[in-house]
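Q: Hi! I have a structure open and would like to talk through a few spots in it. Could you help me out?

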Amino acid sequence: MPGREVLPSTLRRSPDKAQRTWEKTHDSAVETYGEGERAHRTAFASVKHEFEKVGDHWEPKGRKGPSDRQAAGGGPERRAPTAGGVDANATKDHLMGVARKLDVPGRSRMTKPELVKAIEKANDRETRRARGD
């Protein structure tokens with residue numbers, strides 16, 4: 001199944017490059033693994049190396065590379081929790097900027113791990129809102 005047909009809504013609201021990255025990786029993964037969860041996880045892992053989720057869409061990161069422990073280690077045997085598209089490896093200053101953009105309350109008193117969780121929660125809320133859930 002071509003990636004364009006199963007493109008997640010958060011990517012439909014994202015830059016063309018993020019969409020192309022997901023589609024190309026998804027289609028290649030489908031050839032290797034077949035359609036399903038593994039192909040989708042592989043495509044999202046590829047997106048997370050260049051983009052981070054901000055609200056209901058993906059934005060380019062300031063640097064390329066894994067966004068969390070799972071993305072750094074990868075592999076189907078090793079399942080570590082992901083940060084849901086939040087660039088957990090970014091600086092605290094960067095995370096504060098994302099939290100400010102998402103109007104996360106109490107952000108100035110949060111630790112870096114707390115910011116990651118709060119941004120992830122705000123992203124989920126914005127995505128539900130955009131989908132009309």
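Q: Let's start with Thr10: buried or exposed?
A: This is a predicted model, and in it Thr10 is buried, with a relative accessible area of 5%. That is because the cut-off for buried is under 20%.

Q: Where does Thr10 sit?
A: Thr10 is part of helix α1, which covers residues 9-12.

Q: And which residues does Thr10 touch?
A: Leaving aside residues up to four places away in sequence, Thr10 touches Lys53, Asp56, His57, Trp58, Thr127 and Arg131. With Trp58 there is also a polar contact, side chain to side chain, at 3.2 Å.

Q: What does the pair of Trp22 and Phe44 tie together?
A: Trp22 lies in helix α2 (residues 16-33) and Phe44 in helix α3 (residues 37-48), so the pair ties together parts that are 22 residues apart in sequence.

Q: How accessible is Trp22, and how accessible is Phe44?
A: Trp22 is at 0% relative accessibility, so Trp22 counts as buried. Phe44 is at 22%, so Phe44 counts as partly exposed, because buried requires under 20%.

Q: Which residues form the aromatic cluster?
A: Trp22, Phe44 and Trp58 form one aromatic cluster. Trp58 is also the polar partner of the Thr10 side chain.

Q: What about charges and rings: what sits over Tyr33?
A: The charged end of Arg38 does, at 3.8 Å from the centre of the Tyr33 ring.

Q: Changing topic: which residues of α5 are buried?
A: In helix α5, residues 92-101, the buried ones include Leu95, Met96, Val98 and Ala99. They cover an arc of only 165° around the axis, so they are on the same side of α5.

Q: Why would residues three or four places apart point the same way?
A: An α-helix has 3.6 residues a turn, so residues with that spacing point the same way.

Q: What is on the other side of α5?
A: Asp93, Arg100 and Lys101 are there, and they are exposed.

Q: And what do the buried residues of α5 pack against?
A: Their partners are β1 (51-54) and α6 (112-131).

Terms used: Residues are numbered from 1 along each chain as its sequence is written. This is a predicted model: local features need pLDDT of at least 70, side-chain atom pairs count only at pLDDT 80 or more; totals for chains, interfaces and linings use all residues. Side-chain values use heavy atoms; hydrogens and water are left out. Helices (H or I, at least four residues) and strands (E, at least two) are DSSP runs, numbered from the N terminus. Buried means under 20% relative accessible area, exposed over 50%, partly exposed in between (1.4 Å probe, protein chains only). A polar contact is a pair of N or O atoms within 3.5 Å; within protein, one must be able to donate a hydrogen and the other to accept it, and residues adjacent in sequence count only if both atoms are side-chain atoms. Contact means heavy atoms within 4.5 Å. The arc is that of the directions from the helix axis to the C-beta atoms. Rings of Phe, Tyr and Trp (its six-membered ring) pair if their centres lie within 6.5 Å; planes under 30 degrees apart count as stacked, over 60 as edge-to-face and the rest as tilted. A charge sits over a ring if NZ of Lys or CZ of Arg is within 6 Å of the ring centre and within 35 degrees of the ring normal.
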